[in-house]
There are 2 protein chains.
Amino acid sequence: MKCKRCRRAEAAVELPSHHSAFCPDCFFVFFRRQVTEGIRKLRLLAPEDRVLVCVSGGKDSLVLWDVLIDEGYETEGLYIDLGIDGYSDRSKEKVLAYAASRGKTPIVVELAKEGIPIPEAARCVRMQECSICGTVKRYFFNRVAAEGKFTVVATGHNLDDETARLLGNLLHWQRDHLARQHPLLPEADGGLVRKVKPLWRVSEIETAAYGFLKGIDYVTEECPMSEDATSLVYKEALSRIEDRMPGTRIVFYQGFLDPSNPLRKGPEAAADGNMAREDAPAADALRAAEGDGEGGAGPPQVCVECGAPTYTETCSFCRLKERVRKARSLRVARVSR
Amino acid sequence: MKCKRCRRAEAAVELPSHHSAFCPDCFFVFFRRQVTEGIRKLRLLAPEDRVLVCVSGGKDSLVLWDVLIDEGYETEGLYIDLGIDGYSDRSKEKVLAYAASRGKTPIVVELAKEGIPIPEAARCVRMQECSICGTVKRYFFNRVAAEGKFTVVATGHNLDDETARLLGNLLHWQRDHLARQHPLLPEADGGLVRKVKPLWRVSEIETAAYGFLKGIDYVTEECPMSEDATSLVYKEALSRIEDRMPGTRIVFYQGFLDPSNPLRKGPEAAADGNMAREDAPAADALRAAEGDGEGGAGPPQVCVECGAPTYTETCSFCRLKERVRKARSLRVARVSR
């Protein structure tokens with residue numbers, strides 16, 4: 001099949017959802033246009049932004065970084081080493097190699113050095129790994145952004161991620177989550193940096209094809225801690241629908257984002273969501289939600305330990321760290337007896 | 001495994017969505033309770049109702065009739081013979097046999113005699129069979145209900161049907177359909193009878209188990225005209241989610257029906273929907289919808305041909321019949337030349 005854009009070269013990527021097929025060069029143009037359109041439509045980024053790109057070593061985040069560099073944004077990569085045997089080393093290697101290929105050195109946070117490597121922390125506090133990981137990552141997104149004077153944090157969530165989450169929220173009618181789900185969480189008082197998902201318009205397959213054709217080397221293995229089976233179930237269900245009815249995912253997500261959709265509140269909801277959903281533990285989220293999304297809960301306080309935004313005296317990250325520290329010293333005490 | 005209700009008999013039906021398993025007798029009690037609870041919660045039926053039960057010969061509608069008879073409702077069955085070779089004969093046979101077993105004689109409408117057998121009509125007017133079938137059935141539901149002084153029409157749509165439709169409406173954000181999707185469409189001016197779906201709380205598997213254990217003989221083949229692939233795709237996607245997360249379907253549908261759900265309008269929307277969605281062709285639905293669901297489109301007029309409710313001079317059924325008649329006479333003319 002010939003490329004539908006240049007009509008000369010052989011097509012390398014077929015995209016039923018766009019009734020199209022592209023040769024590599026035309027696909028790069030198409031893909032980048034999808035991303036820049038996604039940025040423009042929702043005003044995710046401005047030319048003067050300093051962008052902190054969160055890179056895990058997987059395809060989505062490395063592709064995101066690649067496109068943002070090519071588009072001329074001022075970017076730095078942030079790699080959080082979760083301290084997972086083997087997997088973390090392999091993903092760090094990919095991040096460093098990619099960064100070097102673009103003349104960059106990523107900012108690296110090592111959770112082992114920070115006293116909170118995910119596997120040990122999960123054992124110590126008996127919480128799900130993904131839940132701890134989320135809290136810790138969000139904490140460092142805000143902290144590193146503040147320290148490095150970044151104006152925005154970008155993550156590599158793609159259309160498949162966002163629609164899977166949307167489907168899950170709809171199946172259970174999680175109305176507060178629905179009101180706040182958006183590729184843009186505006187900056188909020190108390191040190192909450194703006195967060196954006198510039199890949200919201202492109203599918204997982206498109207991102208993978210872009211990474212492959214660009215020769216970006218990424219980790220293909222899933223995080224071994226990740227047992228987030230529910231989101232995989234939703235993703236798979238949507239994939240089967242998409243296979244039969246190409247284009248369903250983007251129609252679904254764009255229709256959801258439509259400002260006239262009664263499930264969405266105004267931008268205040270999203271701003272509030274920056275604290276309520278992504279940066280705060282459940283109790284804080286509840287308090288913020290009780291303030292009916294209009295900031296009624298007031299601006300967050302400052303954590304007495306670290307200065308991070310929080311609705312409680314100590315932020316969720318510091319409390320987590322303290323619980324891990326206590327559990328550790330208990331164990332040491334037991335061993336030394 | 002023992003029955004979780006009586007704890008004596010061997011369980012015959014396992015229901016992960018209810019964390020339960022029942023012997024046949026306890027399952028009958030459970031199933032009937034699910035149906036009567038569904039009727040009670042949404043006030044679908046009153047004891048004094050005369051119920052016209054639409055029976056196709058499939059499991060859902062025969063099980064519905066069975067439960068309504070057992071619950072003491074005054075019911076008659078309506079079988080519409082679609083005029084589909086073989087299939088229609090086989091399903092009529094099942095309906096007549098079941099009806100006889102309960103000392104009943106169903107009302108039978110033969111579309112061939114009415115001049116509009118589905119396969120021929122579809123060929124004549126070049127419309128999808130399912131679309132014609134819907135128009136024709138809705139017409140006869142209202143007509144037979146009026147002639148027989150029935151106060152309500154009941155159809156056998158189950159939880160799987162309703163959630164598949166809900167998912168489709170959500171994936172495409174069909175807001176007018178969403179506002180009107182409900183197991184109860186109230187009676188409306190101009191001869192639109194109340195329509196109810198008393199099986200909305202029970203799944204397809206539960207209905208099939210009830211039919212099987214009760215010894216109700218039903219057609220298992222799907223309608224050969226039915227190429228409604230989209231609803232099957234949604235059904236299958238939801239089945240995969242339900243398998244992994246039992247109980248998702250009922251949570252999904254009940255959360256949707258919650259009156260506080262912003263996607264639902266008040267009962268007027270449903271009343272309006274009786275005309276707009278189910279009894280009118282697309283153009284009529286649009287006009288009714290333009291009346292913002294508050295009856296702004298005014299009450300329907302009366303069809304000049306048959307007296308049925310319509311927003312146009314001639315109702316959609318009569319227009320369809322006329323198109324079939326013309327196409328037929330054209331063909332006869334061609335053959336005789």
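In chain B of this predicted model, strands β6 (residues 152-154) and β8 (residues 194-196) run parallel and are paired over three bridges. Two strands count as paired if DSSP finds at least two bridges between them, and the elements themselves are DSSP runs, numbered from the N terminus: helices (H or I) of at least four residues and strands (E) of at least two. Within this pair, B:Val152 has B:Arg194 of β8(B) as its bridge partner.

That pairing belongs to an open, mixed sheet of six strands in chain B, ordered β5-β4-β3-β6-β8-β7. Its edges are β5 (107-110) and β7 (184-185) of chain B; each has a single partner strand, so one side of each lacks a neighbour in the sheet.

Chain A has an open sheet of six strands too, in the order β5-β4-β3-β6-β8-β7 and with mixed pairing. Here β5 (107-110) and β7 (184-185) of chain A are at the edges, so each, with a single partner strand, has one side left without a neighbour in the sheet. Elsewhere in chain A's strands, β3 (residues 50-54) and β4 (residues 74-81) run parallel and are joined by five bridges; A:Arg50 is partnered there with A:Glu74 of β4(A).

A few words on conventions: residues are numbered from 1 along each chain as its sequence is written, and chains are lettered from A and ligands numbered from 1 in the order in which they are written. Local features need pLDDT of at least 70 and side-chain atom pairs count only at pLDDT 80 or more, while totals for chains, interfaces and linings use all residues; side-chain values use heavy atoms, with hydrogens and water left out.

Now to how the two chains meet. Counting contact as heavy atoms within 4.5 Å, 26 residues of chain B touch 26 residues of chain A. Together the chains bury about 2,500 Å², with 72% of it on carbon and sulfur atoms; buried area is the accessible area (1.4 Å probe) that two parts lose on being put together, summed over both.

Eight residue pairs across this interface are in polar contact, with both residues at pLDDT 80 or more. Such a contact is a pair of N or O atoms within 3.5 Å; within protein, one must be able to donate a hydrogen and the other to accept it, and residues adjacent in sequence count only if both atoms are side-chain atoms. On chain B's side, the elements giving two or more residues are α6 (159-171), α9 (229-244) and α10 (248-257) of chain B. The most comes from α9(B), with 10 residues.

| Salt bridge | N to O distance |
|---|---|
| A:Arg240 and B:Glu236 | 2.7 Å |
| A:Arg328 and A:Glu120 | 2.7 Å |

The pair A:Arg328 and A:Glu120 links helix α13 (residues 316-336) to helix α4 (residues 118-125) of chain A, 208 residues apart.

Finally, the symmetry. Chain B superposes on chain A by a rotation of 180 degrees with 0.0 Å of shift along its axis (RMSD 0.0 Å), which is the relation of a two-fold axis. The superposition is by least squares on the C-alpha atoms of residues with pLDDT of at least 70 in both copies. B:Ala237 has the C-alpha nearest the axis in chain B, 2.4 Å from it.

Note on methods. A salt bridge is a side-chain nitrogen of Lys or Arg within 4 Å of a carboxyl oxygen of Asp or Glu.
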